[in-house]
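Dear colleague,

Please find the structure below, together with its sequence. My notes on it follow directly after.

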Amino acid sequence: MTAFRFFAFLPVAASVGLLAAPLLAQAHPGQSTPPHVGMHGDHGPGDMPPPFPPGVTLTDAQKAQVHTIFKQAHEDMKAQHEKLKALRDKIRTELSAEGDLNRSLLTDLTRQESELHAQEAQARLATQEKLHDVLTPDQRRQANATMEKIRSLHEQLDAIMGHPPEDGPPPAP
C-alpha cells in the first residue's frame, strides 16, 4: 500500500514542479530567460513568430515598416473576423429557428462566408508581398537559404521519426 501511495504521489509532485518552475525562474531575474522566449526563440509581443527566419537582420527603418504592415494587417483582419462572426451568428440563428429552414438565405450566408475567407486569404498574401518588398535582395537570399536549411532539417526529422498514424494515438516517445 505504501508503494502505491508513493507512485501515485510522483505525478503530482512532477506536475507541481513543472508549474512552479516558471515562477521560480522569474523570482531570479538575473538567471531567467527573457519573458517572450519560447521553444523556437524570441517571438516578441504576443508570442508571434518573427516574420523572417533567424539570421535576417533588419535596419531600424525596416523594423518600422514591418511594424506598420503588421499593425494595418491586424486592424484589417480584426474587421474581417467581426464580419465573419456576424455571418456565423446569422447562420446559427437561421438553423435554430423553428419551422422550415430558409435554404436560400442559408445558401446566401454561406456564400458570403466563403467570400470573406477568400478576402482573408488575399489579405494575407498582400501582407506577405509587403513584407517581401521590405527586404533587400541580399536579405531575401539569406532568408531563402535559411528556410531551405530549415526545410531540409524538417525532412530529416520526418525521415527519422516518421509521421504519427492518422487513426490512432501517437506512438510513445
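Lys85 has a relative accessible area of 53% and is therefore exposed, where exposed means over 50% relative accessible area, buried under 20% and partly exposed in between (1.4 Å probe, protein chains only). Its side chain forms a salt bridge with that of Asp89, at 3.2 Å from N to O; a salt bridge here is a side-chain nitrogen of Lys or Arg within 4 Å of a carboxyl oxygen of Asp or Glu. Asp89 counts as partly exposed, because its relative accessibility is 29%.

Please note that this is a predicted model, in which local features need pLDDT of at least 70 and side-chain atom pairs count only at pLDDT 80 or more, while totals for chains, interfaces and linings use all residues. Residues are numbered from 1 along each chain as its sequence is written, and side-chain values use heavy atoms, with hydrogens and water left out.

Both Lys85 and Asp89 belong to helix α2, where they lie 4 residues apart, about one turn of the helix. Asp89 also meets Arg92 in a salt bridge, with an N to O distance of 2.8 Å. Asp89 and Arg92 are 3 residues apart in helix α2 and so are separated by about one helical turn. Arg92 counts as exposed, because its relative accessibility is 52%. An α-helix has 3.6 residues a turn, so residues three or four places apart point the same way.

A further salt bridge joins the side chains of Arg141 and Asp138, at 2.3 Å from N to O. These two residues are 3 apart in helix α4, and therefore about one helical turn separates them. Arg141 and Asp138 are both exposed. In total, the rule gives 7 salt bridges.

As to the overall architecture, the protein has 4 helices and 2 strands, taken as DSSP runs (helices H or I, at least four residues; strands E, at least two) and numbered from the N terminus. Their order from the N terminus is α-β-β-α-α-α.

For α2, 37 residues at 1.5 Å a residue should span 54 Å, and the end C-alpha atoms are 53 Å apart, which agrees. The expected span is 1.5 Å times one less than the number of residues.

Which residues of α2 are buried? They are Gln62, Val66, Ile69, Ala73, Met77, Gln80, Leu84, Leu87 and Ile91. Their cover includes α3 and α4. In α3, the buried residues are Leu106, Leu109, Glu113, Leu116, Glu120, Thr127, Leu131 and Val134, and these pack against α2 (60-96) and α4 (137-161).

Across the protein, 16% of the 173 residues are buried. Of the contacts (heavy atoms within 4.5 Å) with a separation of 6 or more, 58% are between residues 24 or more positions apart. The protein exposes about 14,100 Å², of which carbon and sulfur atoms supply 62%; accessible areas come from the Shrake-Rupley method with a 1.4 Å probe, and for residues only the protein chains shown count as cover.

Yours sincerely
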